[in-house]
Amino acid sequence: MTRERWTSLLTALVGGSVLVGLYSFQNHPHSYPDYIVTNVASLLWIPMLAVMLILRQEPSAFGFGLGDLRWSMRLAGVLYIGVLPFLVYASRLAGFQQYYPIQKWAESSLYFFGYYELTYGMYLFCWEFFFRGFLLFGLSRTIGIVSVFVQAAAFGIMHLGKPPQEVLASFATGIVLGLVAYRSKSFVACFVVHWAAAVTFDILIILARRGAF
């Protein structure tokens with residue numbers, strides 16, 4: 001078996017196992033600290049250990065680096081501006097207002113809001129590494145750009161249980177972010193725009209629920 005095929009095979013095995021485990025975990029009661037620790041370990045450390053200890057490759061080969069940062073960050077800025085109108089619109093919908101922020105205690109004070117957004121940002125960093133780094137670049141060794149669509153499908157499936165509009169949009173979002181990562185050789189810009197949009201949306205939800213706009 002060639003190195004490329006072995007890399008893709010291990011990526012599929014590890015990635016599939018992580019997704020099945022997390023999907024099961026998320027469907028059972030758990031505390032927020034348990035949620036963060038479990039996701040960080042599953043989405044970052046397990047794939048990273050597979051890359052470094054089993055495949056014996058550099059994390060940068062799986063998007064863990066800056067890549068073409070200037071190009072990707074410019075595009076991230078454009079994507080953020082482009083999604084803002086949709087965030088404003090969605091923040092006024094009842095389904096989203098009931099679901100977000102995911103941890104309702106984040107609304108109780110500025111301190112708790114900051115704590116939540118920072119820790120959730122850490123989770124999103126691991127999330128982006130897993131989908132737009134590990135899966136994307138591990139699978140691309142054998143299927144090339146098709147890996148963009150494979151990771152987008154997995155990304156969308158993991159959104160099941162959220163508002164239906166978000167579930168549908170997640171497939172398209174996964175493709176767009178996947179293309180950005182594939183072109184720039186890095187998931188960093190994907191994380192930046194994902195986190196910025198998430199924080200902005202939580203703020204908009206809170207303001208809309210309080211009748212601020």
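User: Where is the place of Lys185?
Analyst: In this predicted model, phi of Lys185 is near 65°, a positive value in a residue other than glycine. Most residues other than glycine have a negative phi. The place of Lys185 is in the loop between H7 and H8.

User: Is Lys185 buried, partly exposed or exposed?
Analyst: The relative accessible area of Lys185 is 48%. Buried means under 20% and exposed means over 50%, with partly exposed in between. Because 48% falls in that middle range, Lys185 is partly exposed.

User: Is Arg56 buried or exposed?
Analyst: Arg56 lies in the loop between helix H2 (32–54) and helix H3 (69–90). Although Arg56 is not a glycine, its phi is positive, at about 55°. Its relative accessibility is 67%, and the cut-off for exposed is over 50%, so Arg56 counts as exposed.

User: Which residues does a cis peptide bond join?
Analyst: Most peptide bonds are trans. The cis bond has an omega of about -15°, and one of its residues, Pro101, has its place in the loop between H4 and H5. The two residues joined are Tyr100 and Pro101.

User: Which residues is Glu166 in contact with, leaving aside its neighbours within four places in sequence?
Analyst: Glu166 is found in helix H7 (residues 164–184). With 18% relative accessibility, Glu166 counts as buried, because the limit is under 20%. Its contacts, leaving aside neighbours within four places in sequence, are Phe96, Tyr100 and His159.

User: Why is the pair of Phe96 and Phe201 edge-to-face?
Analyst: The structure holds 29 aromatic pairs. In the pair of Phe96 and Phe201, the ring centres are 5.6 Å apart and the planes stand at 85°. Planes over 60 degrees apart count as edge-to-face, so this pair is edge-to-face.

User: How many residues apart are Phe96 and Phe201?
Analyst: Phe96 is buried at 6% relative accessibility, and Phe201 is buried at 8%. Phe96 belongs to helix H4 (residues 94–99) and Phe201 to helix H8 (residues 188–209). The pair links distant parts of the chain, 105 residues apart.

User: At roughly what angle do the axes of H5 and H6 cross?
Analyst: The axes of helix H5 (residues 110–143) and helix H6 (residues 146–157) come within 8 Å. H5 passes H6 in a right-handed crossing. The residues of the contact comprise 11 nonpolar, three polar and one charged. The axes cross at roughly 140°.

User: Over which ring does the charged end of Arg132 sit?
Analyst: The contact of H5 with H6 includes Arg132 of H5 and Phe155 of H6. The charged end of Arg132 lies 4.1 Å from the centre of the ring it sits over. That ring belongs to Phe155.

Methods:
Residues numbered from 1 in each chain as written. Predicted model: local features only at pLDDT ≥ 70, side-chain atom pairs only at ≥ 80, totals over all residues. Heavy atoms only, no water. Axes fitted to C-alpha atoms, helices over the stretch in contact; angles between N-to-C directions. Helix = DSSP H or I, 4+ residues; strand = E, 2+ residues; numbered from the N terminus. Left-handed = near helix turned anticlockwise from the far one by under 90°. Contact = heavy atoms within 4.5 Å. Nonpolar A, V, L, I, M, F, W, Y, C, P; charged D, E, K, R; others polar. Phe/Tyr/Trp six-rings, centres within 6.5 Å; stacked < 30°, edge-to-face > 60°. Buried < 20%, exposed > 50% of the residue type's maximum accessible area, 1.4 Å probe, protein only. Lys NZ or Arg CZ within 6 Å of the ring centre and 35° of its normal.
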